[in-house]
Amino acid sequence: MEKKILFPQIGGLIHGGDYNPEQWLDRPDILEEDLRLMKKAGINSASVGIFSWSVLEPKEREFHFEWLGKIIDRLYENGIYTVLATPSGARPAWLDKKYPEAMRVNRMGQREHHGGRHNHCMSSPVYREKVAVMDRKLAEAFGSHPGVIMYHISNEFSGECYCEHCIKRFRTYLAEKYDHDIEKLNRAWWTTFWSHRYNDFEQIEPPFIHGETSVMGLNLEWKRFTTWNTNDFMKAEAAVLHSVTPGIPVTANLMRMFGGLDYRKMAPDMDVVSWDNYPIFHNDWETLADTAYETAFQHALMRSLKRDVPFMMMESAPGLVNWQNVNKLKRPGIHRLACLQAVACGSDSVQYFQWRKGRGSYEQFHGAVVDHLGTDDTRVFKEVAEVGELLKKIAPVAGTLVRTKAAMLFDWDNRWAIEDMKALGRETKKYEETCIGIWKEFFRLGVDMDIVGSDEDLDRYDLVVAPMLYMLQPHTAANLRTFVERGGQLLATYLTGYVDSDQLCYLGGFPGDGLKDLFGIVSEEIDSLYPTDRNAIVLTDESLQKKAVSGESAGEKESCGDWEVVEYAEVLRVQDAQVLGTYGEDFYQGSAAITCKNHGKGNAWYVAARTDAPAMGPLFERMLADAGIPVRRLPAGVECHVRKGQEGRYEFYLNWTNDTAAISGVKGRDMVADREIEDVLELPAYGVAVVHSR
């Protein structure tokens with residue numbers, strides 16, 4: 001498998017993070033000490049200029065780049081490369097004073113004041129002009145510098161604007177989407193309901209909080225527009241940078257499973273996907289391993305946005321953060337695990353926010369590699385330096401990829417539609433939690449899954465899970481049918497195929513668009529349950545009745561017999577599917593709850609009720625067996641990921657427990673401990689191993 005090297009200059013994995021030298025220009029001694037400490041910590045990259053506009057251009061058309069040039073020069077002289085950011089994520093005061101249209105209008109229709117960040121209007125012509133000027137000057141000044149390896153566009157895009165510029169662009173966006181035919185929009189949005197029909201695109205307003213919020217099509221299209229507009233802004237920045245220096249890649253840092261933007265629509269316009277990783281470690285509602293497994297899900301989501309190139313972990317906390325409800329310290333050893341997990345999942349970088357703590361303002365107590373103490377003998381600094389040495393040891397991993405034969409479907413459109421639907425339980429829809437829970441259960445069975453869109457090519461996969469696929473895109477049904485016919489194992493759940501991409505319900509029964517024939521069932525009703533309601537799925541298929549250990553050690557998360565039903569239960573009419581389980585209670589007692597239909601060379605499975613993901617372990621195992629994907633049981637709290645490249649296979653093992661773990665069937669050289677493993681790998685508490693084999 002060919003490697004996809006992001007940065008040949010580095011010769012390995014990136015280790016670095018956000019560096020804010022503009023905060024210390026009056027302290028040359030600190031700037032010089034930063035270089036010494038970076039080298040000691042094994043830092044080979046610094047992200048510079050992310051929020052530097054007021055220093056780069058303190059007054060309009062008065063540019064001061066000298067300090068930045070000196071910083072980039074000195075970094076390069078010391079073997080440290082620069083990720084150069086555009087400063088568009090936060091504006092200087094002079095710009096807002098002179099050009100107030102750059103400031104957003106909120107959902108109440110009020111112009112916001114200067115302050116904060118991520119609060120610029122994406123549509124403002126004057127702001128776009130000012131950003132383009134700054135970006136061009138930065139590219140012309142530093143794009144040819146041998147130390148500059150990437151552009152970092154803006155920072156953590158988010159939010160929406162309701163100003164006149166955005167409203168005008170929204171109307172134009174809608175007119176183009178609906179072929180300038182207002183009746184086509186009216187039909188798609190079902191606007192005859194409550195007499196909300198439009199006569200002209202100029203009558204349409206975005207969903208102001210005190211305006212129109214009852215038209216599902218309007219709400220969804222506003223979210224789609226916000227993504228489109230944000231992406232258009234990002235593309236405009238990238239176009240300027242590429243016009244000057246076409247050879248330097250661009251990225252924009254994303255934020256987990258962020259609800260405000262459809263990252264799948266933005267990823268094609270980035271050369272590399274990057275994201276900011278801030279798990280809530282050591283919380284009081286789940287185990288450390290559960291926190292880690294959810295983080296692995298987030299890594300998989302980012303990896304899957306561009307599956308044929310490594311991603312980057314652009315930010316992570318070397319210690320604590322300052323914005324969580326409880327800002328808890330990372331315990332010893334957890335930093336190394338979290339960094340190696342990112343690489344294991346496909347990242348070619350370990351980067352931090354931030355390098356050095358600032359003395360004042362909002363993030364003065366946010367964790368950093370260098371504390372206010374300013375020395376290299378702190379616990380955090382030593383752990384960062386340890387990671388720096390570790391990344392050098394495993395440098396050959398750079399450019400290798402994670403390849404998996406299983407995938408989960410997750411669509412932002414579907415997420416938004418479920419959130420906005422006026423049905424089910426107001427507080428129990430839990431689309432994201434359901435996806436993560438099922439993904440984690442497959443992960444406990446040793447199966448790493450990609451996370452892809454419902455209209456993406458599924459040819460590389462043999463097993464696909466589609467939880468709560470309420471909204472079908474135009475080609476989703478055909479995509480799923482093709483997948484099953486060629487031999488794929490497909491699992492869908494309750495709430496599948498209720499509406500089309502305009503949020504109009506399918507007629508003739510759910511799931512719509514031909515999926516009734518694929519699954520061999522019709523969903524007639526869906527019941528929402530109170531917490532005190534009781535029901536269960538009684539298994540009628542012997543292969544599902546066995547005890548499931550679900551990848552955990554003996555005695556943990558065991559399940560056998562009936563599966564408890566919570567929150568949702570569909571009442572099915574079976575056409576020609578095999579019934580594997582039925583309801584045990586209520587008026588639909590004895591009716592089908594789990595079905596399977598053979599279709600072509602594959603199988604279409606359906607689970608009609610919400611149940612605990614670990615209980616479904618036997619079903620997952622049967623699907624994996626039919627797909628030819630091996631189950632691998634690991635000790636509780638141990639995770640494994642595999643990256644592959646020209647030099648062979650790299651197996652990452654991470655022990656998230658305070659007990660020693662023994663993993664059998666491991667052969668190769670542990671690059672961390674520099675030792676050969678013949679069969680059994682012993683991992684100490686919070687230990688890591690990277691085993692290379694050919």
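In helix 17, the buried residues are Gly617, Pro618, Leu619, Phe620, Glu621, Met623, Leu624 and Ala627. The model examined here is predicted. Because 8 of the 11 residues of helix 17 (residues 617-627) are buried, the helix is largely enclosed by the rest of the structure. Gly628 follows helix 17 and has a positive phi, near 75 degrees.

Several of these strands belong to an open sheet of 9 strands with mixed pairing, in which the order is 11-10-12-13-20-19-18-15-16. Strand 11 (449-452) and strand 16 form the edges, each pairing on one side only. From one strand to the next, the twist averages 20 degrees. Within the sheet, strand 10 (residues 406-409) pairs with strand 11 in the parallel sense over 4 bridges, and Leu409 is placed opposite Val452 of strand 11. Helix 10 (residues 288-305) packs on the sheet and touches strand 10 and strand 11, its direction making about 60 degrees with that of strand 11. Helix 14 lies across strand 10, strand 11 and strand 12, and runs at about 170 degrees to strand 10.

The cysteines were also examined. With a disulfide taken as a pair of cysteine sulfur atoms within 2.5 Å, the count comes to 0 disulfides. Cys505 has a relative accessibility of 52% and therefore counts as exposed, whereas Cys596, with a relative accessible area of 7%, is buried. These assignments follow from the cut-offs, since buried means under 20% relative accessible area and exposed means over 50%.

Notes: Residues are numbered from 1 along each chain as its sequence is written. This is a predicted model: local features need pLDDT of at least 70, side-chain atom pairs count only at pLDDT 80 or more; totals for chains, interfaces and linings use all residues. Side-chain values use heavy atoms; hydrogens and water are left out. Buried means under 20% relative accessible area, exposed over 50%, partly exposed in between (1.4 Å probe, protein chains only). Helices (H or I, at least four residues) and strands (E, at least two) are DSSP runs, numbered from the N terminus. Two strands pair if DSSP finds at least two bridges between them. Axes are lines fitted to C-alpha atoms, for helices over the stretch in contact, and angles run from 0 to 180 degrees between N-to-C directions. Contact means heavy atoms within 4.5 Å.
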